[in-house]
Amino acid sequence: MHSEPDTPIDIAHLNQFRDRPVELQAFVRSLLTEGPDLLQDLKACVDGGDGERLKDLLHQLAGMATNTGAKALRARCLRLAADWGPYGITVNALATVAARA
């Protein structure tokens with residue numbers, strides 16, 4: 001099970017980029033430019049019941065969140081991916097989303 005982090009952003013991770021700001025900018029730019037399309041794809045998977053593709057997309061978004069130090073987003077993506085059952089989203093996953101809304 002993936003628990004929620006104590007802070008939404010991993011400052012220690014971001015500090016690793018002090019000498020490489022261009023690399024961090026590329027990660028953030030990627031999240032900002034690819035994120036909206038990824039979210040639309042996630043919604044389409046939920047609407048269409050495509051659980052396997054949904055899990056892949058959630059892991060992709062989790063990776064982008066990891067690169068940018070967004071711990072809370074990463075944790076939520078991994079939690080939803082873990083809670084997605086063979087017949088759709090589980091009650092546990094719905095409770096997780098509702099609690100964060």
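Is Cys-45 buried or exposed? Cys-45 is buried, with a relative accessible area of 7%. Here, buried stands for under 20% relative accessible area, exposed for over 50%, and partly exposed for anything in between, using a 1.4 Å probe and protein chains only.

This is a predicted model, in which local features need pLDDT of at least 70 and side-chain atom pairs count only at pLDDT 80 or more, while totals for chains, interfaces and linings use all residues. Residues are numbered from 1 along each chain as its sequence is written, and side-chain values use heavy atoms, leaving out hydrogens and water.

**View 1. The whole protein has five helices and two strands.** Of the 101 residues, 32% count as buried.

**View 2. Leu-78 sits in helix α4, which covers residues 71-83.** Its side of the story is simple: Leu-78 is buried, with a relative accessible area of 8%. Look also for Lys-55, 23 residues away along the chain from Leu-78; their C-alpha atoms are 8.6 Å apart.

**View 3. Cys-77 is a buried cysteine.** The relative accessible area of Cys-77 is 4%. How many disulfides does a search of the whole structure find? The search finds zero, where a disulfide would be a pair of cysteine sulfur atoms within 2.5 Å.

Terms used
Helix = DSSP H or I, 4+ residues; strand = E, 2+ residues; numbered from the N terminus.
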